[in-house]
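Please look at the sequence and the 3D structure together. The paragraphs below take up a few points one after another.

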Amino acid sequence: MDRILRFKVVSSTQDVARRFIPRRTELAVIALQQRKGRGRHRRPWHSPAGGLYLSLLLFPGSTAQLLPLVAAVGVIRALERSRVRGLHILWPNDILVGDKKICGILAEQHQDAVVCGIGINVNIKRFPAGMEHVTSLWLEFGRKFAIPALGDSVLREIETVYSRARAGKFLPSDASRYITGIGEPATIMTQRGSVAGTVFGIDDDWALLLRDEAGVIRRYTYGQVRRMQW
Ligand code: BTN
């Protein structure tokens with residue numbers, strides 16, 4: 001990463017990173033709090049102090065589609081280095097512990113630039129009503145994490161996975177071992193409706209494969225899948 005910009009509070013790290021697109025340099029923006037954090041589908045992202053909020057401005061070429069998984073694998077590896085176990089990817093964008101979300105990933109494309117945002121619930125001790133499906137490292141693992149050090153470690157791990165991806169060396173098997181629910185029933189929601197079936201992996205072109213209830217194998221690419229429920 002050419003530059004890392006660190007803030008205590010910002011509106012959204014996505015917007016700060018986006019402003020640097022005209023300079024054409026890859027950089028990271030890290031904040032300890034956001035006033036207007038956003039998630040996918042225009043949902044707000046709960047961003048109090050105690051979380052880690054990070055956006056990467058990248059010019060990824062043909063690896064653009066892989067960025068959510070690159071980021072997810074990088075986050076999991078960084079957390080594994082901090083002795084956190086039992087994390088898995090809800091394909092393609094969320095990281096869960098059990099069935100609760102601990103990290104969300106948002107990739108926003110602006111021509112050839114992608115701003116990839118990552119929100120990790122680190123030391124957050126409680127969530128407002130209505131967020132029962134969400135958890136934090138503190139709540140799950142009962143200890144406090146050093147947020148700046150964790151931010152640096154997440155960046156390092158993502159950079160490693162990203163350079164492998166750019167070199168064509170990030171393979172579906174590198175991600176699929178972290179993906180939850182292979183062999184289990186799932187519903188995939190797309191803009192055209194939802195399909196129930198059994199997930200059985202990722203193919204060589206990174207499409208998710210689902211066997212539907214009639215036994216037909218369907219391929220889903222990133223653009224199509226909005227959400228998967230187990
Ligand atoms: C989601 O699960 O809906 C994606 C959440 C992405 C949140 C992160 S926090 C850092 C970056 N800045 C934002 O405003 N959003 C992303």
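How many aromatic pairs does a search of the whole structure find? This is a predicted model, and the search of the whole structure finds one aromatic pair. The partners are Phe-170 and Trp-206, whose rings are stacked, with 5.1 Å from centre to centre and 25° between the planes. Planes under 30 degrees apart count as stacked, so the 25° of Phe-170 and Trp-206 falls in that class. Phe-170 sits in the loop between α4 and α5 (172–176), while Trp-206 sits in the loop between β9 (193–202) and β10 (208–212); the pair therefore ties together parts that are 36 residues apart in sequence.

Are the two partners buried or exposed? The cut-off for buried is under 20% relative accessible area. Phe-170 has a relative accessible area of 4%, so Phe-170 is buried. Trp-206 has 10% relative accessibility, so Trp-206 counts as buried too.

Next comes the chain as a whole. The chain holds five helices and 12 strands. A compact globule of 230 residues would have a radius of gyration near 17 Å, and because the chain has 17 Å, the two agree. The C-alpha trace spans about 50 × 40 × 30 Å along its principal axes. Of the 230 residues in the chain, 53% are buried.

Now turn to the strands. Strands of a sheet pair through backbone hydrogen bonds, and they can do so parallel or antiparallel. In this chain, seven strands form an open sheet with mixed pairing, in the order β1-β2-β3-β7-β6-β5-β4. At the edges are β1 (3–10) and β4 (87–90), each of which pairs on one side only. From one strand to the next, the twist averages 20°.

Strand β6 (residues 100–110) and strand β7 (residues 113–121) run antiparallel and are joined by eight bridges. Which residue in β7 is the bridge partner of Gln-109? The partner is Val-114.

Helix α2 (residues 67–81) lies across β3 (51–58), β4, β5 (94–97), β6 and β7, and runs at about 170° to β4. Helix α4 (residues 147–166) lies across β1, β2 (27–34), β3 and β7, and runs at about 30° to β3.

Arg-211 lies in strand β10. Its relative accessibility is 39%, so Arg-211 counts as partly exposed. Leaving aside residues up to four places away in sequence, Arg-211 touches Ala-196, Gly-197, Thr-198, Phe-200, Val-216 and Ile-217. Arg-211 and Ala-186 are 25 residues apart in sequence, and their C-alpha atoms are 9.6 Å apart in space.

The other two arginines lie in loops: Arg-42 between β2 and β3, and Arg-83 between α2 and β4. Arg-42 has a positive phi of about 60° although Arg-42 is not a glycine. Arg-83, also a residue other than glycine, has a positive phi near 65°. The cut-off for exposed is over 50% relative accessible area. Arg-42 has 83%, so Arg-42 is exposed. Arg-83 has 59%, so Arg-83 is exposed.

Methods. Residues numbered from 1 in each chain as written. Predicted model: local features only at pLDDT ≥ 70, side-chain atom pairs only at ≥ 80, totals over all residues. Heavy atoms only, no water. Pairing = 2+ DSSP bridges. Helix = DSSP H or I, 4+ residues; strand = E, 2+ residues; numbered from the N terminus. Axes fitted to C-alpha atoms, helices over the stretch in contact; angles between N-to-C directions. Contact = heavy atoms within 4.5 Å. Phe/Tyr/Trp six-rings, centres within 6.5 Å; stacked < 30°, edge-to-face > 60°. Buried < 20%, exposed > 50% of the residue type's maximum accessible area, 1.4 Å probe, protein only. Rg over C-alpha atoms; globule rule 2.2 N^0.38 Å.
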